[in-house]
Every structure is written in C-alpha cells, then in structure tokens.
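I set down here, in order, what I looked up in this model.

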Amino acid sequence: MDLDIKKNAALETEEELESEIEEIAKSKKKYLRPKEIIAYLLADFFSGSSSPVDSQFYWMNFFNISGGQFARLTLFTSLYDALDDPISGFIIDRTRTRWGHFRPYLVIMLPLSMIACFMSYTILPGIASMSQIMVQLYVTCIIGGLAGSYGSAGGLMIYFITPNEDERNWVMTIQQFFGYFSGWIPSILSVVVTYLPRMIPGVHMQNIYRNYAYVFFVLSALATIYKFYNTRERVPLPSRKEMKEASIWESVKFAVSTRPFLVGNIANVFGGLQGTLRTRSENFFWLNNTGSLANGFLASLLTGLPKYFITPFVPKAIKRFGERNVYIFGNLWAGACFVIMWLIGYVPFGKKRMYLNIIYLAVSLTIMQLPNAFNGVAGRVMTADTFNYIEWKYGVRSEGLVSAANNWFGKLNNSLQNWISGTALQIIGYKALKDSYGNLIPQTDPGILKGIWFIFALIPAFSKFAVAITYMFFNVHGKFKEKMELDLAMRRKEKVIEEEKNRAEHEPDPVGGN
C-alpha cells in the first residue's frame, strides 16, 4: 500500500514537472530583432569566407617552409596560447561596459587581426632567407593568437543574445544554413587559381590567394562592425561580487572537473584527427592525387547541396532525439563511410578515367557528410548545455574563463594535430613541384600519393568512431536536462526580480523624495 502511494506521488511530481516545463515553453518570449539576426548572419558569412586557403598549404607551397618547420611553428604557438588564454579569459569575464560584456572585443581586436592577415600572405620587405621567413611566421602566430584569444568573446555572444533557448537554437541553425554558402566561395577560388594562370600566362596563384584574403578580410571587418552596432546581450551576468569570489584557479578547476566539459575536450582531441588532418590534407589531395585543385570544387558543390534541404529539419530532429544522440549517430555514420571509401580507394575506375573517379569521390563525400548539418548545430547546442550545467552546478557561468580553458585545450589539441600533419608530410617526403611561372603542379611519386590518401581517408574514420564513443558519456540530456533548465529558469527569474528591487531602492523618489 505504502509502495503504491509512493509511486503515485512520484508520478504526480513527474507530471507536475512536465506541466511546468510545457508552461514555460509556451510563454517563451521572442527577443531578437531582424537587424540582429542579419548582423549575426553577415558576420558569420564573411568570417567563413575570409580564409582562401589553409595556412599549412599556403606556407609550405608559397613560403617554401618544410613540414617539420610547420610542425615546430604550431608547437610554439600552442605554448604561447597556453600562457595567454587563462589571462584573456579572466579579463573577458570581468569586462563590464556600457556596450556590453562581449561586444567591445568585436572591434578592439580588428587592428591585430588585420596585421596577422597581412603577414600571413605577404613576406615583408627586406626578408629573404628562410630563417627570416620563419621569424615573420612566428610573430604572425603570436599576433594572430592574441587577436583570437580576445576575439573569441564575439563568438560567445550567441549564448547571451536571448534567454529563450529555442530562439537561440533557431539562430544557430540559420547561421549554419548560411554558413554553407560561405564555404562555396573558397571552393570556387580553387577553380580560379587552376585555370586563370593557364589562360593568362604570368598570373601567379599566390597573388590570387593573397588578393582574395585582403578583400574578404575588409568585408569581414565591416560585417563585424555592423554586428557591434546592431546586437545586444540579454542573459543576466554574474555580479562583480560573484566574479570576485570566483578566482582564476577555482574557475579553471571547476571547468576541468566538469564532466560535459571534459567529454567535449576529449572528443575534440579525437575529432581533430578528422577536422585538422583531413581539412589540411584536402588541397594536397585534390592537387596531387587527382591532378587538379579544381576537382575539389565539384566535391564541395555536391557535398553542400543536401545540407540546404536537411538544415530546416535540424531543430525538430534535435528536439525529437536530443542533440547528444543526433551527434553520436552522425559521427558513427561518417566513420563507416570513411572506412568504405578507404577500402574502395580513390581511383577505382583507373587513372585514365579520372572524371569517373572524381564523380565517385564527390558522391562518397556527399553521403558521408549528410549528417553534418545536424552535427554542426548539435555541437553548438551541447556547448551551450555545458555553460548552463556549470551555471546550474556552481552558480556562476564564467563563460570567459571556461571558454579560455576550452580554447586552451583546443589550441593544444590543434597544435598536436598540426604537428602530426606537418610531420606526416615530412615523413612521406612531400615537396612542392612548380612550373616555370612558380605555379603548383601535381606530384607523381606513388609513396607520397599513398601517404596523402592515408591522411585524407583512413585517419578520419578512426576519429569519427572515437568521437561517437566519447560523447556517450555526455550527461546533460533527457530528463536531467529538462529538470536542470527548469531550475535555471527559476533562479534567473529570481535574480532579475532581485536586481530590479535593488535598483528601485537606490533610485530617487519620483515625487521629489530621496
């Protein structure tokens, strides 16, 4: 009898909880203005289009550095960032201005970003020897790293623009959708750098890449300034008193000891093997293994098309199955596709029928990337879930410090992947081949081609499977997440009421009293 009473009480409690959650969902207010949404889309579009080519590909082929030099350069960069990120995170968390918490950093870092962009694509006057070129690149990485550490605050704004999580997820989805268009532009550029030098002798690939980078940096900077003037932060921030109580060490310590945070960073280590190694090998693969950089355009064209049809269904899929489960499935799917592609090889129709091989590769990569539209949004939602979990568990979000810790692990991870990528190309003996005009031509060495294919296809398969397994331990999902969000909503409401009460107590009496 007592057992039945307890069961009924538990059921009533569960029903009450679900009823409260549904009531909150129905009353969720819309906060975002059209100008705000446009600002986010423009800034995201141009920032995604501003880099014409991977830095490793550009520096190894046009600045003529070796894979080993690139590996050592990225190792140095990670050590520098390891010192800088905790400091930048501490400063960002304690920033309070009339323009907002994160917004000032959108424009403050633009001059440093401009210098880093210029030095990434142009050798400065008076620099001739390889040792001088390497010094320039080391300085470039320091300046770019500093701009990136503080500039990351602009990316954190997406988690503060609205307390309505459905509205925030919708904006993330729209960003993802329009981001696909920005990915096409560098792909189109690969066609331009392939055929324009053939049509007009004397035109250099390097100049095309450089001029593209400068033009799109200016457009990106203008979009960032537009974002600064047309966006707001609305989620309540910790008070100065709360921030003083949260030291750098304590903030980093609770971030590192937080399960969702650790899961994300461990997964990033595995994910980097796919994201960094395969991405950095793409231009090497299309140029050398298929004979032309322009072949990558067909693949990017096909792989991008399904995303436009799939993306509108992403919010419903995440709501139906949960972001964690969607993300796990997407990685398992991609891993299986990579294995099958590796087993078939990249020239199943023979080298004389390269056009059929290109179609096969494009179709294979399209099938493999079908879940990417879901994964892109699901990954960002889980990042937001991690911030919410930290706020729920510790009472203070500390996005800046948590993001700094996240960036710190991320940059160490990127450095590891870049070091592996540079070292791998050094091991297989890659060297750029050029024609009389200094433009790139394909490698023909079978050992080098086999090594590039290994980096391009097989390593990402292992990476995807490892990421899927790691995210099975991500604990912010299901009923636990629903209860956590309800609790946070109550706390935030109480905080807003308390702030309004304190403000009213300190405001002068409108009738004339004190």
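The entries below begin with the basis of the values and then go through the topics.

**Basis.** I work with a predicted model, in which local features need pLDDT of at least 70, side-chain atom pairs count only at pLDDT 80 or more, and totals for chains, interfaces and linings use all residues. Residues are numbered from 1 along each chain as its sequence is written, and side-chain values use heavy atoms, with hydrogens and water left out.

**Confidence.** I looked up pLDDT, the predictor's confidence in each residue on a scale from 0 to 100. The chain averages 78, and 79% of the residues score at least 70. I take helices as DSSP runs (H or I, at least four residues), numbered from the N terminus. Where is confidence lowest, and where highest? The lowest mean, 48, belongs to helix 1 (residues 2-26), and the highest, 92, to helix 6 (residues 110-121). Residues 1-12 have a pLDDT below 50, and beyond near neighbours in sequence this stretch makes 0 contacts in the model; a contact means heavy atoms within 4.5 Å. Residues 20-27 are also below 50, and that stretch has 6 contacts beyond near neighbours in sequence.

**Cores.** I next looked up nonpolar cores, defined as sets of buried Ala, Val, Leu, Ile, Met, Phe, Trp, Tyr and Cys residues joined through side-chain atoms within 4.5 Å. Buried means under 20% relative accessible area, exposed over 50%, and partly exposed in between, with a 1.4 Å probe and protein chains only. The largest core has 56 residues, of which Trp 59, Ile 65 and Tyr 209 touch the most other members. Helix 9 (residues 205-230) supplies the largest share of this core, 8 residues. Apart from it lies another core of 46 residues, including Ile 37, Ala 153, Met 157 and Phe 387. As general background, nonpolar side chains tend to be buried together in soluble globular proteins.

**Helix 3.** I then turned to helix 3 (residues 55-62), which is largely enclosed by the rest of the structure because 7 of its 8 residues are buried. The buried residues are Gln 56, Phe 57, Tyr 58, Trp 59, Met 60, Asn 61 and Phe 62. What does Trp 59 touch, not counting residues up to four places away in sequence? I find Asn 64, Ile 65, Phe 70, Leu 73, Ser 120, Leu 137 and Cys 141. Phe 57, also placed in helix 3, is buried at 0% relative accessibility. With neighbours within four places left aside, Phe 57 is in contact with Tyr 209, Asn 283, Phe 284, Leu 287, Leu 293 and Leu 440. Its C-alpha atom is separated by 7.1 Å from that of Arg 280, 223 residues apart along the chain.

**Asn 64.** This residue sits in the loop between helix 3 and helix 4 (67-93). Asn 64 has a positive phi of about 60° although it is not a glycine. Most residues other than glycine have a negative phi. Asn 64 is partly exposed, with a relative accessible area of 44%.

**Cysteines.** I counted 0 disulfides, a disulfide being a pair of cysteine sulfur atoms within 2.5 Å. Cys 117 is buried at 13% relative accessibility, and Cys 141 is buried at 15%.

**Aromatic pairs.** Rings of Phe, Tyr and Trp (its six-membered ring) pair if their centres lie within 6.5 Å; planes under 30 degrees apart count as stacked, over 60 as edge-to-face and the rest as tilted. By this rule the structure holds 29 aromatic pairs. Trp 286 and Phe 456 form an edge-to-face pair, at 6.2 Å centre to centre and 75° between the planes. Trp 286 lies in helix 12 (residues 259-289) and Phe 456 in helix 19, so the pair ties together parts that are 170 residues apart in sequence. Trp 286 is buried at 5% relative accessibility, and Phe 456 is buried at 0%. The pair of Trp 392 and Phe 480 is edge-to-face because the ring centres are 5.4 Å apart and the planes stand at 90°. Trp 392 belongs to helix 17 (residues 372-394) and Phe 480 to helix 20 (residues 478-506), so this pair ties together parts that are 88 residues apart in sequence. Trp 392 is partly exposed at 25%, as is Phe 480 at 31%. Finally, I note one aromatic cluster formed by Phe 285, Trp 286, Trp 342, Tyr 346, Trp 453, Phe 454 and Phe 456.

Terms used:
Helices (H or I, at least four residues) and strands (E, at least two) are DSSP runs, numbered from the N terminus.
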